[in-house]
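I wanted a closer look at a few loop residues and some helix packing. My notes follow the structure.

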Amino acid sequence: MRAWHGVLDTLVRERRSRLVGYAYLLAGDRPTAEDLVHDAIIRTFSRARRLDHVNEAEAYVRRTILTQFLNRRDHAAMARSKLPLLVERDAPPADEHAGEHDAVVVALRRLPPRQRACVVLRHVEGLTTAETADRMGVSEGAVKRYLHDALAAMRETLGGFGFGDRDDDEDLTAVETRRRAR
Amino acid sequence: MTDDLTTMMLDSLDKEARRFDRAHPGSETTLYEKAIVPRRRIRRAAEAGVALAVAAAVAVGAHALVQPRSTVEPAESASATAVPLDEREWDPPGRGLVGGAGADLFGSVAVTREEASGCVALDSSSRLDGRPDLGGVPVALGGVAHGEGNVSAVVARDFDSADAAREYLDALTRAASACDGEADGEIGVDAAEVGIQSLAGEGVRVLVSAGDGFGTSWRTWVHVQGSEALAVTAQPGAGEATTADIIIAWFTAASG
C-alpha cells in the first residue's frame with residue numbers, strides 16, 4: 001500500500017468530520033458542506049504527488065474547500081455529479097436545516113461568501129490578516145473591509161447572544177480610522 | 001466580541017462534526033479510493049507525456065443535429081480557399097481563442113505506452129497527428145474558451161485529398177476500437193460516425209470515459225470536409241453544442 005492510502009484512511013477516519021464542520025461554517029448547509037469536503041479530498045489526493053502526513057493532507061484539503069467554496073456557482077449541479085459517492089452511504093441524507101438552531105451559523109449564512117470566508121479564516125483557523133489575504137488571494141485592505149462589514153452585520157444579528165456593542169477587533173478599528181480620515 | 005465569536009463558531013463546528021460522525025459510523029475510505037486511484041493514474045501518465053487526450057463531441061444543438069455519416073453529402077474541399085490553416089480568419093464561439101492551450105488542459109485519460117499502444121495512437125490521432133502518408137501536418141489553432149472555464153483544443157489539417165481525409169477518419173475509428181480493447185475496462189472508449197446537419201462533410205466522435213463513477217469523460221470530434229479536417233477536443237463539462245459550433249465556425253469561414 002502506498003503512503004497516500006494510509007494518509008487518506010487516517011484523514012477520512014479522524015479528520016473528515018471536523019472538515020465537514022469547517023465547511024459547514026463556510027457553506028451554511030450540510031449537503032453543500034459534505035459535498036465540499038468530498039470533492040476537496042478527492043481533488044487533493046488525486047493531484048498531490050506526495051502526501052506523507054495527515055496534517056499536510058488536511059491543510060491541502062482545507063485550502064481546497066475554501067477555494068471550491070469561493071469558486072462554486074452551482075452547488076446543486078456539483079452535488080448531483082457526486083451521486084455515486086452519496087448513494088453508497090448507509091446513513092440517511094443530511095438535513096440541511098437541522099443546524100439552524102445555531103445562531104452563529106444563521107448569522108454567517110447571511111453574509112456574502114467572501115465575508116463569510118474571512119470570518120472563518122480569522123476566527124476559526126486563527127489566521128492573521130496577511131495570511132487570510134494570501135489564502136483568499138485578495139489584499140489585506142480587502143480582508144479588513146470584509147471583516148468590518150461582516151462583524152457589523154453579525155453583531156446586529158447576534159445582538160441577543162451575548163455580543164457587546166463595542167468592537168475591539170484591531171482590523172475593524174483600522175478600517176474605521178481610515179474611513180474617518182477620508 | 002471576537003473571543004465570543006470564535007467560541008460560538010468553534011462550538012458549532014464541533015457539534016456539526018459530532019453529528020457527522022454519528023451519521024457516518026463506518027469507514028468510507030474505499031469510496032474515496034475508487035474515485036482517486038483512476039485520477040492519480042491519469043495525472044501521472046499525463047505528466048509522463050504519454051497522455052491520451054481523446055474524444056468526441058456529441059454536439060446536438062438547435063442547429064447541429066448529429067446524423068449518420070453516410071447520409072451527409074461530401075462537400076467541396078475547404079482548402080480550396082488556399083489560405084493557410086493558421087491564417088484563416090474565423091470567429092470561434094464562446095469567448096474565442098485563448099493562447100497557450102496545451103493537451104493537459106483538456107483532460108486526459110492515460111495508459112502507459114507499454115500497456116496500450118493503441119490508446120497512444122488514438123491520443124495522437126485525436127490531435128490529427130499521425131498517418132503522415134495521408135499528407136498534411138496538424139496545425140494547432142489554440143483553445144476555444146467557453147462556458148465556465150472550459151477550453152476546447154482545436155487542431156486543423158489539410159490532407160492530400162478528400163479520400164485521404166476519409167481514410168484518416170477510418171484510422172481514427174480503428175484506433176478507438178483498439179484502445180477500447182486494450183483498456184480492459186479501466187476506461188471506456190466509444191467511437192461513432194457523425195455529421196452535422198447544417199454542415200457538409202463527415203466526422204467521427206470519440207468518447208473516452210474515465211470510469212471513476214462520476215461520468216467523467218473527454219471527447220474529441222474530428223470533422224472532415226473535402227481534404228480538410230478539424231479536431232476539437234473538449235474537456236469534461238464542456239457543452240456539447242459548443243463543439244459543433246466550433247466546427248461550424250471553422251468550416252463556414254473556410255467556405256467564405
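**Loop residues in chain B**

I looked up Leu128(B) and found it buried, at a relative accessible area of 0%. Buried means under 20% relative accessible area, exposed over 50%, and partly exposed in between (1.4 Å probe, protein chains only). The model is predicted: local features need pLDDT of at least 70, side-chain atom pairs count only at pLDDT 80 or more, and totals for chains, interfaces and linings use all residues. Residues are numbered from 1 along each chain as its sequence is written, chains are lettered from A and ligands numbered from 1 in the order written, and side-chain values use heavy atoms, without hydrogens and water.

Leu128(B) lies in the loop between helix 3 (117-126) and strand 5 (139-146) of chain B. Helices (H or I, at least four residues) and strands (E, at least two) are DSSP runs, numbered from the N terminus. I noted a positive phi for Leu128(B), near 60 degrees, in a residue other than glycine.

Arg131(B) is also in the loop between helix 3 and strand 5 of chain B. Its phi is positive too, near 50 degrees. I read Arg131(B) as partly exposed, at 28% relative accessibility.

**Helices in chain A**

Next I checked helix 1 (residues 3-27) and helix 7 (residues 113-123) of chain A. Their axes come within 9 Å and cross at roughly 145 degrees. Axes are lines fitted to C-alpha atoms, for helices over the stretch in contact, with angles from 0 to 180 degrees between N-to-C directions.
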